[in-house]
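Take the model first, then the notes.

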Amino acid sequence: MPDSSLPYDPTRMKFGIGQPVPRQEDPKLLKGQGRYTDDLSLPNQLYAYVLRSPYAHAILNSIDIGEARAAPGVHAVLTADDLGDYGEMVCAMPLKSIDGTPLRTTRRAALAKDRLRFVGDPVAVVIADTRAQAKDAAEMIFLDVETLPAVTGASAAAEPGAPLLYDDIPGNEVLDFRFGDAEKVAAAFAGAAHVQKLSIRNNRIVVAAMEPRSAIGEYEAETGRYVLRVGCQGVFGLRNQMANDVLKVPRDKVRILTGNVGGSFGMKASAYPEYLPILHASKILGRPVKWTDERSGSFQSDAHGRDHEVDAELALDADGKFLAVRLTSFGNMGAYLTAVGPNMGTGNFSKNIQSNYVTPLLEVHTRCILTNTTPITAYRGAGRPEANYFMERLIEEAARAMGKSPIELRKINHIKTADMPYSAASGSVYDGGDFSAILDQALEAADFEGFEARRAAAKQRGLLRGIGVGNFLECTAPVVKEQGGIRFGDDGTVTIITGTLDYGQGHWSPFAQVLHQYLGVPFESIRLLQGDSDELIAGGGTGGSKSIMASGAAIVEASDLVIEKGRQAAAHVMETAVADIEFDSGVFTVAGTDRSIGIMELAAKLKEMPKSDDIPETLDVTHVFDQAPMAFPNGCHVAEVEIDPDTGITRFVNYVTVNDFGVIVNPMLVQGQAHGGIVQGIGQAMHEYVAYSEDGQLLSGSFMDYGLPRADDVPSFQFASHPVPCKTNPLGAKGCGEAGCAGSLPAVMNAIVDALRPMGVTHMNMPATPEKIWRAIHGVN
């Protein structure tokens, strides 16, 4: 519940802030009426198929496309030579190495030329009348190559003598990053009463979005514009990247259109190589070109997530107070740098490793290394869940080593509510939180005190039972420039125009709730426009758990502008002074009288009135919310598991999560977001792992070889809220989209290790598969 200083009462309206309003999108989606990119077809369109490298590392001497060009139905076969006049995809993050040198970015062309660097690297694109014809023709292309040694692990790629991916990037190292005062941290460790160390593998995962990537490229010859219909996370940012970096044209010559998107989790945020060839093909052929990836292609070419090798260390004094935390890691970047590839193991590790604990000093040293693997990008949380996982595992093992209670060790190091605002060693300033109370609430809900009796009962049944706690605090992405346009339609609808983009989150309902709360317009009349770059003047896209803080704040400020325009118009209509007009719950009233006019009636009347300099023509506004700092959602997860020692199979018997997401606009959707994040955390913790052979072949390239959590793998979740409103954005919200991962990774792994501890197991790297658990129990290497 928000505090009394906030300008609304969440219980006042059925569709207002704080109400569990169902998702507006669902009726259409459940009836199969969604419009995903592959559902679209344009008149006279052609089809594209992308030929990918089957080699992890090779010199490309030549490409023979003669037979493919002559194949039935083929209109064109494109290679790198056909795209030489266009730009490249780069990482422009302003990161510097310890010695002050800037990030060594890779420059990725849409199609590989001279060198193939991973299995899945696009080499050629065939355009034909049908997709089947394009695929058949692609099989006729001959690649003349000289294979080279490959390297897939980051630490291995950093070794002297390792195969080099680029002649101008020594040691495959693009960045040698350090945050923190290394000397002070070293001194703290030298003087510590106890130092806890863990080597932790942050396993690489395939994003496996429900909808494979798909796009339709269209060139408008009469306007010279490129139109790309594609699933993404924000059309404004993608438009700018395609125009500035890839197509090398003015921004007004590019339009991005996005309909429904079947999942992304960070993966679909930026440009991909396939988009340029289909746009170029449309330009030279005069017809739209459609491309949809196959799932096997998605496994190879969709950017992967995670993949860090981390040595984590925690220094404590004799009382258990934290003195410093240190991460030393290798970050696997894959064969090319994506737009945000280096960020997870650098900035996001640095901001999130402290979590909600008093930690005077921290150091993060990460070497970002290129390998012959699929490029890495952001994946749900993008370094935030992992940093919390590292800290929680360190705390659990430090407590055991020092003979202390892991719960009490957390509590004595928690940042106190009375110390807010708190300046963290990461540079962040936490505006509020109630961390120990949330931990207590979660433990009570999980019946933590009764666990030992349940463990003993499980032992009688031949099972190993464990319980794990996962405290977390996330630093969301900051909000910078988000649009909040409001448009009153002739048909009685009110449209919100914003630059965040719903790729499964369900933005329509909570955004409408905010507008309904502040303007009083009928909830059922509200529409959401988010997928047309021509409609936007700003937009940060969706990512970093910031959408409600960004678009919500923009809607709040835009509502104030609508009210001000409405006061002027209402004063004219009711023939009184602007100062006499009051506004409440969608109605403009002359103060002290019963004369009033509703906002919808006023909007319609303005459209019929003759234009005048004295009154606004419409109540429409186009507004950009400037900025807000990051927020700090936090909470505590408690997982309880049973393991069958004969099979290694782990089963959840209870799962509790208590969260501080600040003011919750829609509790139903927030619970859904938390559930999804938890399940993805369970997936990484127990099932998912991208495996490569020594020569760089993808061994886990299908759902036959790559595990995802199924419905019967996950428990029913107990969800509770302990909100402390955020003080740095108008809504008081903190964001929730990625928090489920941040709490579930440590809770699940701590529970599994707790169950295995009687067998002498004190650490296990993810994923904790049945085979790995069985081997640990039975001492089989």
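**Briefing**

Ala 591 is partly exposed, with a relative accessible area of 34% (buried means under 20%, exposed over 50%, partly exposed in between, with a 1.4 Å probe and protein chains only). This is a predicted model, in which local features need pLDDT of at least 70 and side-chain atom pairs count only at pLDDT 80 or more, while totals for chains, interfaces and linings use all residues. Residues are numbered from 1 along each chain as its sequence is written, and side-chain values use heavy atoms, with hydrogens and water left out.

**Two residues and their C-alpha partners**

- Ala 591 sits in the loop between strand S24 (587-590) and strand S25 (596-598). Helices (H or I, at least four residues) and strands (E, at least two) are DSSP runs, numbered from the N terminus.
- Cys 368 belongs to strand S15. Cys 368 is buried, at 0% relative accessible area.
- From the C-alpha atom of Cys 368 to that of Ala 158 the separation is 9.2 Å, although the two are 210 residues apart along the chain.

**Backbone: cis peptide bonds**

- Met 420 and Pro 421 are joined by a cis peptide bond, with omega about -5°. Pro 421 falls in the loop between helix H11 (406-413) and strand S16 (422-423).
- Met 766 and Pro 767 are also joined by a cis peptide bond, and omega is about -5°. Pro 767 lies in the loop between helix H18 (739-756) and helix H19 (770-778).

**Backbone: positive phi**

- Asn 172 is not a glycine, yet its phi is positive, at about 65°. Its loop runs between helix H4 (154-157) and strand S7 (173-179). With 0% relative accessibility, Asn 172 counts as buried.
- Ser 355 is not a glycine either, and has a positive phi of about 55°. Ser 355 is in the loop between helix H9 (344-352) and strand S15 (361-370). Ser 355 is buried, with a relative accessible area of 1%.

**Helix packing**

- H9 and helix H10 (residues 384-402) pack at about 50°, and their axes are 8 Å apart. Axes are lines fitted to C-alpha atoms, for helices over the stretch in contact, and angles run from 0 to 180 degrees between N-to-C directions.
- That angle makes H9 oblique to H10. Angles under 35 degrees count as roughly parallel, over 145 as roughly antiparallel, 65 to 115 as roughly perpendicular and the rest as oblique.
- H9 passes H10 in a right-handed crossing. A crossing is right-handed if the near helix is turned clockwise from the far one by less than a right angle, and left-handed if anticlockwise.
- H10 also packs with H18, at an angle of about 30° and with axes 8 Å apart. H10 and H18 are therefore roughly parallel to each other. H10 passes H18 in a right-handed crossing.

**Second largest pocket**

- The second largest pocket holds about 360 Å³ of space. A pocket is an open set of points on a 1 Å grid over the protein atoms alone, with protein on both sides within 12 Å along at least five of seven lines; lining residues have an atom within 4 Å of a point. Grid points are joined across faces, edges and corners, and a volume is the space filled by probe spheres set on the points.
- This pocket has 21 lining residues, and the closest to its centre are Arg 107, Arg 108, Arg 117, Tyr 166 and Tyr 336.
- Its lining divides into 9 nonpolar, 2 polar and 10 charged residues. Ala, Val, Leu, Ile, Met, Phe, Trp, Tyr, Cys and Pro count as nonpolar, Asp, Glu, Lys and Arg as charged, and the others, Gly among them, as polar.

**Cavities**

- There are 2 cavities of 30 Å³ or more in the structure. A cavity is a set of grid points where a 1.4 Å probe fits but cannot get out.
- The largest cavity has about 40 Å³ of space. Its lining includes Thr 37, Glu 211, Arg 213, Lys 268 and Tyr 275. By class, that lining has 3 nonpolar, 3 polar and 3 charged residues.
- The second largest cavity has about 30 Å³ of space. Among its lining residues are Val 206, Arg 295, Phe 299 and Asp 302. That lining has 4 nonpolar, 1 polar and 2 charged residues.
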